[in-house]
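The following exercises ask the student to describe two interfaces, step by step. Please examine the sequence and the structure before reading each solution.

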Amino acid sequence: MINRMEIRLTDLGLNGKIIRLGGIKNIKGTIQNEIKLGAKTIIAVGNNQTVNKIIGAIIDTEIYSDFQKKTLLGIIPIGDDNSIASSLGIKNSEEACNILLARRIEKIDLGLADKYYFLNQATIQSAGATLEIDNYTLQVSERGEIKIINLLSDNKETIKSNPHDGKLEILIRTRKNDETYLTSSRFKISNPSEKLIIDGVAEIETPVEIGVMKDKVAVIVGKERMFE
Amino acid sequence: MFNKENKLEKFKDAETIIGASIKVKGNFQGQGDIIIEGTLEGSLKTDANIFIGDRAKVVASVESKDIIVNGEVRGNLKAKNYLAIGGTAKIFGDVQYGEISIEKGATINGQLLMLAEENRRAEKIKVEEREEGSGK
């Protein structure tokens, strides 16, 4: 599959260095070194987990900040768990190659939970959760799910999300079918008995500070992206 | 903005919705429309409109442009423009309003005070200036 992709990219005239991350222990260091050497675009070939690791490497340092400001992120989705690619309007690997060629660029916000970044969303079970926002607290006693959304991954979702506004959408749906919706750019969330799941790939303990970094990452997107 | 059933016409566009199983404590301040179906203790204020659902319990001072009350409010209410009190509403506190409608069955334990015309005009100008400033 990946070999076929390489041929397709070469056919389209998109040449570059290919690094296989499997087996590399210091992924962040490896990618940052490529940025230092002048890589302008980093293409994540894989699923959410791959994208998440690469985002951490693209922006997670001040040493090469001048280089990193210019670094673009592209995605070629492979396998399951590709909600980030879907959000960006990239449905499959075949389409991804054409999207890379078209080079439509958007700067979008990045969610931050402690030291973890998320493009799509962070989720946690709602029963027993508390959110501290500005001058008030929100307590949830019912079972259900809390979604902290930067970028929608499901276009059937009833809410709208704007990854350019410097805010995160907080959506709480309980099993009693009630819905809570609000936005915030900074808050604290805690649930002693549950972990916060970041983009479906990392789990972290709470309490944790959640924030958003406005227009932090430049990504190559498709026409069918789930935001304007 | 209100229809006959005392529901927000632009429900989808509400900036904040507090669901029935949520408890909010503190000073809640917004700029857009707020829908409260759960419990709120503290204060509630917005430049836009507030809808208090029939299952909601609000122990707070409430202030906004237009307010619809169908649930329980323990605290003072101030609707700078229009206040609609539904038949299931229970209000324990003083009520200030520009205009008011009260449905049969509502409970109000407090003073009803109509905002003076000049106050209303001043409030209206403030709201219009704010809306112009925010480009609405």
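Two strands pair if DSSP finds at least two bridges between them. The model used in these exercises is predicted.

**Exercise 1.** Determine which strand of chain B is joined to E7(A), and how many bridges join them.

*Solution.* Step 1: the partner is strand E2 of chain B, residues 22-30. Step 2: 5 bridges join E7(A) to E2(B), and the two strands run antiparallel. Step 3: as an example of facing residues, A:Tyr136 stands opposite B:Gly26 in E2(B).

**Exercise 2.** Describe the side of chain A that touches chain B.

*Solution.* Step 1: the contact involves 16 residues from chain A and 15 residues from chain B. Step 2: on the chain A side, at least two residues each come from strand E7 (136-140), strand E9 (168-174) and strand E10 (179-184). Step 3: E7(A) gives the most, with 5 residues. Step 4: sorted by class, this side of chain A has 6 nonpolar, 6 polar and 4 charged residues.

**Exercise 3.** Which domains does the assignment give for chain A, and which element supplies the largest share of the side of domain 1 that touches domain 2?

*Solution.* Step 1: the assignment for chain A gives domain 1 (2-110) and domain 2 (116-213). Step 2: their C-alpha centres lie 26 Å apart. Step 3: domain 1 of chain A brings 14 residues to the contact, and domain 2 of chain A brings 15 residues. Step 4: on the domain 1 side, helix H3 (48-59), helix H5 (83-87) and strand E3 (105-113) of chain A give two or more residues. Step 5: the largest share, 6 residues, comes from H3(A). Step 6: this side of domain 1 divides into 5 nonpolar, 7 polar and 2 charged residues.

Terms used: Residues numbered from 1 in each chain as written. Chains lettered and ligands numbered in written order. Predicted model: local features only at pLDDT ≥ 70, side-chain atom pairs only at ≥ 80, totals over all residues. Contact = placed C-beta atoms within 7 Å. Helix = DSSP H or I, 4+ residues; strand = E, 2+ residues; numbered from the N terminus. Nonpolar A, V, L, I, M, F, W, Y, C, P; charged D, E, K, R; others polar. Domains from an automatic or database assignment.
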